[in-house]
Amino acid sequence: MPRPIWSGAISFGLVTIPIKVVPATENHNISFRQVHLEDMGRVRYRKVCELDGKQLSDNEIVKGYEVAKDQLVAVTDEDLAEIPLPTAKAIEIVAFVPAGSIDPVRIGDSYYLEGDGQVAAKPYKLLRQALERSSKVAVAKFALRGRERLGLLRVKGDALVLHSMHWPDEIRSPASLAPPAVEIEDSEVDGAIALMDAMGEEDISHYTDHYREALEELIAAKAQGKQPAPVAEAQEPGGQVVDLMAALNASVAQARESRGEGEHATVHEMPKPKKTAKKAAKKTPAKKTAAKKTEAGSTAGSTAKKATPKKTADRRKPRAS
């Protein structure tokens with residue numbers, strides 16, 4: 001585990017839990033330096049005052065806030081230190097809410113909370129078990145890197161995890177992004193669910209960053225003076241889907257084959273859209289009516305044929321005198 005970046009206590013009513021905050025994630029991105037291509041010399045940035053052209057050291061630079069165009073006010077570290085920050089050394093739990101009530105778009109960085117010493121063991125375990133049994137998460141306020149933040153406290157295994165959260169007014173509304181109104185058939189929804197089931201997984205830990213792996217191979221090849229192996233171009237996404245049901249059926253078959261179910265995996269035919277069913281229903285009575293007319297015509301014809309001999313026989317009888 002990396003070194004703690006913050007230490008303080010969880011404030012849980014009148015209960016205090018000494019803790020240390022440890023980053024829960026790590027960055028595996030490959031970093032680059034900017035260099036002069038001609039001689040591979042490092043390119044560095046210097047902090048220069050735009051008024052007098054003087055290069056400045058860090059202790060000569062303070063924060064400035066632009067209150068109007070070309071009008072700045074200086075804010076020093078001493079100014080910031082004097083601002084009251086009640087959560088500077090405490091993660092103050094302010095509410096408990098159902099776990100499903102938090103919109104994931106609000107969640108930011110994640111941190112593990114480590115109990116600090118034996119005195120933290122019992123209250124730490126108490127809070128963890130209470131959260132587990134109630135299926136709730138804790139909403140807390142805490143300070144990190146000079147500003148107060150909103151946090152989400154939850155259980156992960158035997159540990160407590162703190163997620164930083166965006167404040168409500170920091171979340172943009174997606175209302176303008178909604179697509180125009182369209183009709184969706186129940187059969188199409190069923191097809192999408194069938195595809196979701198075919199693509200279902202319990203564990204996603206096997207996924208890796210293929211771009212980073214390819215980039216590492218490129219750097220290794222260049223370091224050895226070799227030409228990197230050519231990379232196959234990614235296929236461009238297809239055009240507009242015309243037959244949605246056909247696309248869903250094909251996707252289900254492809255997903256099942258990729259899961260190792262083999263080429264002969266059977267795919268149940270998706271129910272046809274309601275409109276098609278209605279058209280078939282309308283055509284069926286017409287066929288039955290035509291059949292009835294044919295039957296009626298045949299019956300009438302046979303009756304007429306049977307009646308003709310009777311009439312002929314009657315005509316041949318002698319009239320009574």
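Biologist: Hi! Where is the place of Gln 224?

Modeller: Gln 224 sits in the loop between helix H4 (210-223) and helix H5 (244-261). Keep in mind that this is a predicted model.

Biologist: Thanks. Is Gln 224 buried or exposed?

Modeller: Gln 224 is exposed, because its relative accessible area is 55% and the cut-off for exposed is over 50%.

Biologist: And what does the side chain of Gln 224 make a polar contact with?

Modeller: With the side chain of Lys 226, at 3.2 Å.

Biologist: New topic: how many aromatic pairs does the structure hold?

Modeller: There is one aromatic pair. Its rings belong to Phe 12 and Phe 96, with centres 5.7 Å apart and planes at 70°, so the pair is edge-to-face.

Biologist: Nice. Which parts of the chain does that pair link?

Modeller: Distant ones: Phe 12 is in strand E1 (residues 6-12) and Phe 96 in strand E7 (residues 90-98), 84 residues apart. Phe 96 counts as partly exposed, at 35% relative accessibility.

Biologist: Let's move to strand E11 (residues 159-165). Why is it largely enclosed by the rest of the structure?

Modeller: Because six of the seven residues of E11 are buried.

Biologist: OK, and how many bridges join E10 to E11?

Modeller: Seven bridges join strand E10 (residues 147-156) to E11, and the two run antiparallel. Val 155 stands opposite Leu 160 in E11. E10 and E11 form a hairpin with two residues between them, and Gly 157 in the turn has a positive phi of about 65°.

Biologist: What about E8 and E11, how many bridges there?

Modeller: Five bridges join strand E8 (residues 107-115) to E11, again antiparallel. Ser 110 has His 163 in E11 as its bridge partner.

Technical notes: Residues numbered from 1 in each chain as written. Predicted model: local features only at pLDDT ≥ 70, side-chain atom pairs only at ≥ 80, totals over all residues. Heavy atoms only, no water. Helix = DSSP H or I, 4+ residues; strand = E, 2+ residues; numbered from the N terminus. Buried < 20%, exposed > 50% of the residue type's maximum accessible area, 1.4 Å probe, protein only. Polar contact = N/O pair within 3.5 Å; in protein donor to acceptor, adjacent residues only side chain to side chain. Phe/Tyr/Trp six-rings, centres within 6.5 Å; stacked < 30°, edge-to-face > 60°. Pairing = 2+ DSSP bridges.
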